[in-house]
Amino acid sequence: MTERTIAYLDCFSGASGDMLLGALLDAGLPLEAIQAELDRLGLSGYSLGVERVQQRGITGSRLSIEIDEDQQPARDLRSIREILDAADLEEEVTEAALRVFERVALAEASIHGMSVDEIHFHELSAVDSLIDVVGFVSGLRLLGVSALYSSALPLGSGTVRTAHGLLPVPAPATLALLAEVGAPTIPTEAECELVTPTGAALITTLATFGRPPMAVVQVGYGFGRRELPWANMLRLWIGQEISGGVAVPRGRMGEAVTPYTVDAVAEPHAHPHAHEHEHEHEHEHEHGHGHGHPHEHAHEHPLEHTHEEHDHPHTH
């Protein structure tokens, strides 16, 4: 019997949509294949690029997204749904992407005391998030990944600038998405954002928390834009599942759960949280603490979006 292809996200320095998609590209997914999937959305006024990056002795890929601000209207959840429904995407890709956007909108609506219909994805972040979400979900399918797993997520502190002004880190939307599924987190001394709302939404919607038994055959490194005293990247392991190597993951109150597959998107509560997390960071860090790797992903706030903190507004 052929084992399934599975993937594991080692969120060494947090997670953003760009880093997730960059890791897929570095693992062997052609940029042209992602572009072909995104072309089905009928969006205009943007371009994608990928560059090779080396930081702290590690080489990987960095995704860049150039956006023409004048061509991007504001979009609410209804318009996002219409774009996804009209696109000629695989059904499981449409369903997974829509679920990600729905969870973000619900989180934002709860935080702001508004209805979901009143929540708007600001002009630039709407297309940026569509690229990250649809690109990542499509990329998993194109690489034949049947189930996705993730390490615990490191969280920073401090503030982040958004369309609503300065907000605490983790951003309210990020924290709401993590809390909804009881996601395992790692406290750090980093006084900046490590996990963005888009990164949190993708991982908590699509992944099971825990490192699975697997035979690793490919590794991809997706880099963020900022240069830091450590390699600012997310590491993606792809390989073959090893059956019988560990007990079935458990979810809230001990219920058995099923990880995300390309055939069905689990409800967000269906993630294991009772495991002992093995977030392997046995290497030593120059900054002297276990996992305080700050990198700034302010561009990833899909509903609270500004570009004031960017060195370059649309290359992440």
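Helix 3 (residues 77–86) keeps Leu 77, Ser 79, Ile 80, Ile 83 and Leu 84 buried, where buried means under 20% relative accessible area, exposed over 50%, and partly exposed in between (1.4 Å probe, protein chains only). Seen down the helix axis, those buried residues fall within an arc of 165°, so they line one face of helix 3; the arc is that of the directions from the helix axis to the C-beta atoms. Over on the other side of helix 3, Arg 78, Asp 85 and Ala 86 are exposed.

This is a predicted model, so local features need pLDDT of at least 70 and side-chain atom pairs count only at pLDDT 80 or more, while totals for chains, interfaces and linings use all residues. Residues are numbered from 1 along each chain as its sequence is written, and side-chain values use heavy atoms, with hydrogens and water left out.

**The chain overall**

- The chain's secondary structure comes to seven helices and 13 strands; helices (H or I, at least four residues) and strands (E, at least two) are DSSP runs, numbered from the N terminus.
- Of the 316 residues in the chain, 59% count as buried.
- Take the contacts (heavy atoms within 4.5 Å) between residues at least 6 apart in sequence: 78% of them join residues at least 24 apart.

**Helix 3 against helix 4**

- The axes of helix 3 and helix 4 (residues 91–112) come within 10 Å and cross at roughly 175°. Axes here are lines fitted to C-alpha atoms, for helices over the stretch in contact, and angles run from 0 to 180 degrees between N-to-C directions.
- The two helices are therefore roughly antiparallel to each other; angles under 35 degrees count as roughly parallel, over 145 as roughly antiparallel, 65 to 115 as roughly perpendicular and the rest as oblique.
- From helix 3, Leu 77, Ile 80, Arg 81, Leu 84 and Asp 85 meet Thr 94, Ala 97, Leu 98, Phe 101, Glu 102 and Ala 105 of helix 4.

**Nonpolar cores**

- The largest nonpolar core has 66 residues, and Leu 41, Leu 84 and Ile 203 touch the most other members. A nonpolar core is a set of buried Ala, Val, Leu, Ile, Met, Phe, Trp, Tyr and Cys residues joined through side-chain atoms within 4.5 Å.
- Helix 4 supplies the largest share of this core, with nine residues.
- Apart from this core lies another, of eight residues, among them Phe 12, Phe 223, Trp 230 and Met 233.
- Leaving aside neighbours within four places in sequence, Leu 84 is in contact with Leu 41, Leu 89, Thr 94, Ala 97, Leu 98, Phe 101, Leu 130 and Val 134.

**Helix 1**

- Helix 1 (residues 17–26) is mostly covered, with ten of its ten residues buried.
- Gly 28 follows helix 1 and has a positive phi, near 120°.

**Backbone spots to look at**

- Val 169 and Pro 170 are joined by a cis peptide bond, with omega about 0°. Pro 170 sits in the loop between strand 9 (165–168) and helix 6 (172–181).
- Arg 56 has a phi near 50°, a positive value in a residue other than glycine. You'll find Arg 56 in the loop between strand 2 (46–55) and strand 3 (58–67), exposed with a relative accessible area of 52%.

**Thr 185**

- Thr 185 is in strand 10 (residues 185–187) and is partly exposed, with a relative accessible area of 37%.
- Not counting residues up to four places away in sequence, Thr 185 touches Ala 152, Leu 153, Leu 155 and Leu 178.
- Thr 185 and Leu 155 are 30 residues apart in sequence and 6.7 Å apart in space, C-alpha to C-alpha.
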